[in-house]
Amino acid sequence: MLRDVLAGEIPTLLYDRQLYAVPAMLGSGVMAAEWSYGLHGWAATLGAALLAFGLRIAAMRRKWCAPLARGIGE
């Protein structure tokens, strides 16, 4: 993303429609829930990380795409 900004281009992260943020948000949400229930340590962290990683890999293999915002054409 930094490369695109320095090159004066729109970051590809913003228009390529691949799922990056959804797996990251779900993984961090699971980590926050674990923390609130008193689950700390490497096992809780590993579980949340594996969830986010697994969702990202599934999205890449199954070609899941994020929806485009209204008014933006393909």
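Which side chain of opposite charge is nearest to Glu34, and how many Å away is it? In this predicted model, the nearest such side chain is that of Arg56, at a distance of 20 Å. Glu34 is buried and has no salt bridge. The surroundings of both residues are described below, after an outline of the chain.

The chain has 74 residues, of which 16% count as buried. Its secondary structure consists of 3 helices and 0 strands, and the order of elements from the N terminus is α-α-α. Among contacts between residues at least 6 apart in sequence, 53% join residues that are at least 24 apart.

Glu34 lies in helix α2, which covers residues 21-36. When residues up to four places away in sequence are not counted, Glu34 touches Leu39, Ala44, Thr45 and Ala48. Ala44, Thr45 and Ala48 belong to the α3 side of the contact between α2 and α3, and Glu34 itself is part of the α2 side.

Two packed helices are described by the angle between their axes and the distance between the axes. For α2 and helix α3 (residues 42-61), the axes come within 8 Å and cross at roughly 160 degrees. Because angles over 145 degrees count as roughly antiparallel, α2 is roughly antiparallel to α3. The crossing in which α2 passes α3 is right-handed. On the α2 side, the contact is made by Pro23, Leu26, Gly27, Val30, Met31 and Glu34. On the α3 side, Ala44, Thr45, Ala48, Leu51, Ala52, Leu55 and Arg56 take part. Glu34 and Arg56 are thus both listed in this helix contact, although the two side chains are 20 Å apart.

Arg56 is found in helix α3. This residue is buried, with a relative accessible area of 18%, a value that falls under the 20% limit for buried residues. Leaving aside neighbours within four places in sequence, Arg56 is in contact with Gln18, Leu19, Tyr20 and Pro23. Of these, Pro23 is also named among the α2 residues that make the contact with α3.

Ala59 is likewise placed in helix α3. Leaving aside neighbours within four places in sequence, Ala59 is in contact with Leu19 and Trp64. Leu19 is also in contact with Arg56. The C-alpha atoms of Ala59 and Tyr20 are separated by 9.0 Å, while the two residues are 39 residues apart along the chain.The segment after α3 contains Lys63. Lys63 has a positive phi of about 55 degrees although it is not a glycine. This residue is exposed, with a relative accessible area of 68%.

The count of salt bridges comes to 1. The pair consists of Asp4 and Arg3, with the closest N and O atoms 2.9 Å apart. Asp4 counts as buried, at 2% relative accessibility, whereas Arg3 is exposed, with a relative accessible area of 60%. Asp4 and Glu34 are therefore both buried, but Asp4 forms a salt bridge and Glu34 has none.

Key: Residues are numbered from 1 along each chain as its sequence is written. This is a predicted model: local features need pLDDT of at least 70, side-chain atom pairs count only at pLDDT 80 or more; totals for chains, interfaces and linings use all residues. Side-chain values use heavy atoms; hydrogens and water are left out. Helices (H or I, at least four residues) and strands (E, at least two) are DSSP runs, numbered from the N terminus. Buried means under 20% relative accessible area, exposed over 50%, partly exposed in between (1.4 Å probe, protein chains only). Lys and Arg count as positive and Asp and Glu as negative; His and the chain ends are not counted. A salt bridge is a side-chain nitrogen of Lys or Arg within 4 Å of a carboxyl oxygen of Asp or Glu. Contact means heavy atoms within 4.5 Å. Axes are lines fitted to C-alpha atoms, for helices over the stretch in contact, and angles run from 0 to 180 degrees between N-to-C directions. Angles under 35 degrees count as roughly parallel, over 145 as roughly antiparallel, 65 to 115 as roughly perpendicular and the rest as oblique. A crossing is left-handed if the near helix is turned anticlockwise from the far one by less than a right angle, and right-handed if clockwise.
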